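Subject: Handing over a structure

Hello,

Here is the structure I promised to pass on to you. Please have a look at it first, and then read my notes below.

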Amino acid sequence: MSAESLLVTESLTKRFGGRCVVDGVSLEVNRGDVFGFLGPNGAGKSTTMRMILGLVRASSGTIRVAGIDVGRDRRAALAKVGAVVEGPAFYDHLSGWENLEIFTALGGGATRARMEEALEIVGLRGREGDPVDVYSTGMRQRLGIAQALLPHPEIILLDEPGNGLDPRGSLEIRALIRQLSTDHGLTIFLSSHLLHEVEQLCDRVAILDRGHLLYQGSVAGLLTRASYLRVVVESPAAAGRFLEGFEGVQVLYEETGSLTLRLSGVDPAWVNARLVEKGFRVQELRQVRESLENIFLRLTGGEREAAA
Ligand SMILES: Nc1ncnc2c1ncn2[C@@H]1O[C@H](COP(=O)(O)OP(=O)(O)O)[C@@H](O)[C@H]1O
Ligand SMILES: [Mg+2]
């Protein structure tokens, strides 16, 4: 754990009955991150978030917030955490203000000034007197964020903040999330099943699929780690057989005079060195960029489903 890390999970696991829905997930969210927790529906994102918030008991593994173990001292660990989980539920016939009053009373209270400040931040100032049932989905989402902001958290957990929003609403929520990060210094941990949402907002991502963490790191790193390499070489078939023996190298196909590889955790220079060492005459190495969309689909098995 680095000095910077604010939220850390270690081998976090959740079994429902005999079924493992979160399997050994180790996450590290650093102070200042806008961290995207990406995965298709059913991947285990909400369950992970609920474990972090102490709403669901972990089967095994640990969670620490600012170094404090959630399992041991939930109250202290979560004092600095604000959250909006699964489409915030409000009393629709009451106003935004009254809803804030009710929820804040449950959480130990907040001053009137802080409530006004939170409404200001999320852009609901002036609308707090309206009943929540006239609010748009985006406004409800923002009221949820206002509520999460009341106790001055350091980190905010947002479970699928873009869900159910029209393009304008999701644009507004993204702008708000960015503002929370840049203007208010908050660390953000948000989940989404939509790649473009995460791509536009986050500097770091973790990809979860069927309970397994497939990737964790920068968005840029994801692009470079998962690209194709076209190798122009004299005897592609033999070169392909040779390379297939190495971990991290997958031969996708051969064409006359060239070979296309998929590399993971291995770089082109390394491939070149192995080939030259073995006496293959390499004429050209060219990296072919895969789109982020493709990488995501491939990692999460979309390719298999699409083919089926
Ligand atoms: N309380 C529960 N009991 C049994 N299974 C559950 C429960 N909550 C979630 N699951 C299952 O766990 C898996 C992950 O769900 P979830 O965490 O909601 O995924 P996501 O948020 O990524 O869509 C799903 O297969 C879901 O059906
Ligand atoms: Mg979910």
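Two strands count as paired if DSSP finds at least two bridges between them. Helices (H or I, at least four residues) and strands (E, at least two) are DSSP runs, numbered from the N terminus.

Before the details, a word on conventions. This is a predicted model, in which local features need pLDDT of at least 70 and side-chain atom pairs count only at pLDDT 80 or more, while totals for chains, interfaces and linings use all residues. Residues are numbered from 1 along each chain as its sequence is written, chains are lettered from A and ligands numbered from 1 in the order in which they are written, and side-chain values use heavy atoms, with hydrogens and water left out.

The sheet

Four strands form an open sheet in the order β13-β14-β12-β15, with antiparallel pairing. Its edges are β13 (249-255) and β15 (282-288), each of which pairs on one side only. On average, neighbouring strands are turned by 25 degrees against each other, direction ignored (axes are lines fitted to C-alpha atoms, for helices over the stretch in contact, and angles run from 0 to 180 degrees between N-to-C directions).

Helix α9 (residues 236-244) packs on this sheet and touches β12, β13 and β14 (258-263); contact means heavy atoms within 4.5 Å. The direction of α9 makes about 170 degrees with that of β13.

Strand β12 (residues 228-233) is joined to β15 by six bridges. Tyrosine 228 has valine 288 of β15 as its bridge partner, and valine 233 stands opposite valine 282 in β15. Five bridges join β12 to β14, where leucine 259 is the bridge partner of valine 231.

The cavity

There is one cavity of 30 Å³ or more. A cavity is a set of points on a 1 Å grid over the protein atoms alone where a 1.4 Å probe fits but cannot get out; lining residues have an atom within 4 Å of a point. Its lining includes Pro161, Ser170, Arg174 and Glu197. Two or more lining residues come from each of α6 (167-182) and α7 (195-201), and α6 gives the largest share, four residues.

Confidence

The mean pLDDT (the predictor's confidence in each residue, from 0 to 100) is 90, and 94% of residues reach 70 or more. Over residues 303-308 the pLDDT is below 50. Where pLDDT is low, the predicted coordinates should not be read in detail.

Best wishes

Methods:
On a 1 Å grid over the protein atoms alone, a cavity is a set of points where a 1.4 Å probe fits but cannot get out, and a pocket is an open set with protein on both sides within 12 Å along at least five of seven lines; lining residues have an atom within 4 Å of a point. Grid points are joined across faces, edges and corners, and a volume is the space filled by probe spheres set on the points.
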